[in-house]
Amino acid sequence: MVPILPTISTSFIVISAILVAVGWYFIRQKQVKKHEKTMWLAAAFALAFFIIYLSRTIFIGNTSFGGPDDIKIYYTIFLFFHIFLATAGAVFGIVTLLSAVKKNWVRHKKIGPITSVVWFFTATTGVAVYLLLYVFYRGGETTSVIKAILGF
């Protein structure tokens, strides 16, 4: 049985990426208001993911890779790549959203497509991490940040 919080949070990232694709479609069709609403909804799903992920990390913990030792190094490299993409995607996302709020359309049009592509890769690698941790292999040990730091 897969754990509920990682399943929900991963679903939110997938929904966010789908909404980004829909928003991209809307702007290509010159449907600006639909684009704007869809992108804000995509951002809301991404934020919901982050809140769940952060809460889970602090209170429950991160799950270590429970698959075979001979592929653990490949998983770790892949995870590092995913974390890098997710961080870059979040930063690009914030900058893209802020440029829209400030009506800086030159910047928004320039980095919006880059942000979208990074976000698609982030979502795809996030699903792969989820599958490797909870579906294909049984997750390893989980320790919360609070327990690791405070000992309880």
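1. Is leucine 5 buried, partly exposed or exposed? At 30% relative accessibility, leucine 5 counts as partly exposed, where buried means under 20% relative accessible area, exposed means over 50%, and partly exposed lies in between (1.4 Å probe, protein chains only). Leucine 5 lies in helix α1, and, once its neighbours within four places in sequence are left aside, it is in contact with Ile52, Arg56 and Ile60, contact being heavy atoms within 4.5 Å. Between leucine 5 and valine 101 there are 31 Å in space, C-alpha to C-alpha, and 96 residues in sequence.

2. A word on the basis of these points. This is a predicted model, in which local features need pLDDT of at least 70 and side-chain atom pairs count only at pLDDT 80 or more, whereas totals for chains, interfaces and linings use all residues. Residues are numbered from 1 along each chain as its sequence is written, and side-chain values use heavy atoms, with hydrogens and water left out.

3. As to the overall layout, the protein chain holds five helices and two strands, which are DSSP runs numbered from the N terminus (helices H or I, at least four residues; strands E, at least two). From the N terminus on, the elements follow the order α-α-β-α-α-β-α. The C-alpha trace spans about 50 × 35 × 25 Å along its principal axes, and of the 152 residues in the protein chain, 31% are buried. Among the contacts with a separation of 6 or more, 74% are between residues 24 or more positions apart.

4. The largest nonpolar core is made up of nine residues, namely Ile13, Ala17, Leu19, Val20, Met39, Ala42, Ala46, Trp119 and Ala123; such a core is a set of buried Ala, Val, Leu, Ile, Met, Phe, Trp, Tyr and Cys residues joined through side-chain atoms within 4.5 Å. The elements giving two or more residues to this core are α1 (4-28), α2 (32-59) and α4, and α1 gives the most, with four residues. Apart from this core lies another, of six residues, among them Tyr75, Val129, Tyr130 and Leu133. In soluble globular proteins, nonpolar side chains tend to be buried together.

5. Helix α3 (residues 69-101) has 33 residues and reaches 47 Å from its first C-alpha to its last, which is close to the 48 Å expected at 1.5 Å a residue, the expected span being 1.5 Å times one less than the number of residues. The buried residues of α3, including Tyr75, His82, Leu85 and Ala88, pack against α4. On the α4 side, threonine 125 is found in the helix of residues 105-135, is buried with a relative accessible area of 7%, and, leaving aside its neighbours within four places in sequence, is in contact with Phe78, Phe81, His82 and Leu85. Just after α3, lysine 103 takes a positive phi of about 60°.

6. The aromatic pairs deserve a separate point. Rings of Phe, Tyr and Trp (its six-membered ring) pair if their centres lie within 6.5 Å, with planes under 30 degrees apart counting as stacked, over 60 as edge-to-face and the rest as tilted; by this rule the count comes to seven aromatic pairs. Phenylalanine 12 and phenylalanine 45 form an edge-to-face pair, at 5.3 Å centre to centre with 80° between the planes, and this pair links helix α1, which holds phenylalanine 12, to helix α2, which holds phenylalanine 45, across 33 residues. The rings of tryptophan 24 and phenylalanine 120 have centres 6.0 Å apart and planes at 15°, so this pair is stacked; tryptophan 24 belongs to helix α1 and phenylalanine 120 to helix α4, 96 residues apart. Ring pairs also link Phe65, Tyr75 and Tyr137 into a cluster.

7. Finally, a search of the whole structure finds one salt bridge, defined as a side-chain nitrogen of Lys or Arg within 4 Å of a carboxyl oxygen of Asp or Glu. Glutamate 36 forms a salt bridge with lysine 33, their closest N and O atoms being 3.7 Å apart, and because these two are three residues apart in helix α2, they are separated by about one helical turn. An α-helix has 3.6 residues a turn, so residues three or four places apart point the same way. Glutamate 36 is partly exposed, at 36% relative accessibility, whereas lysine 33 is exposed, with a relative accessible area of 60%.
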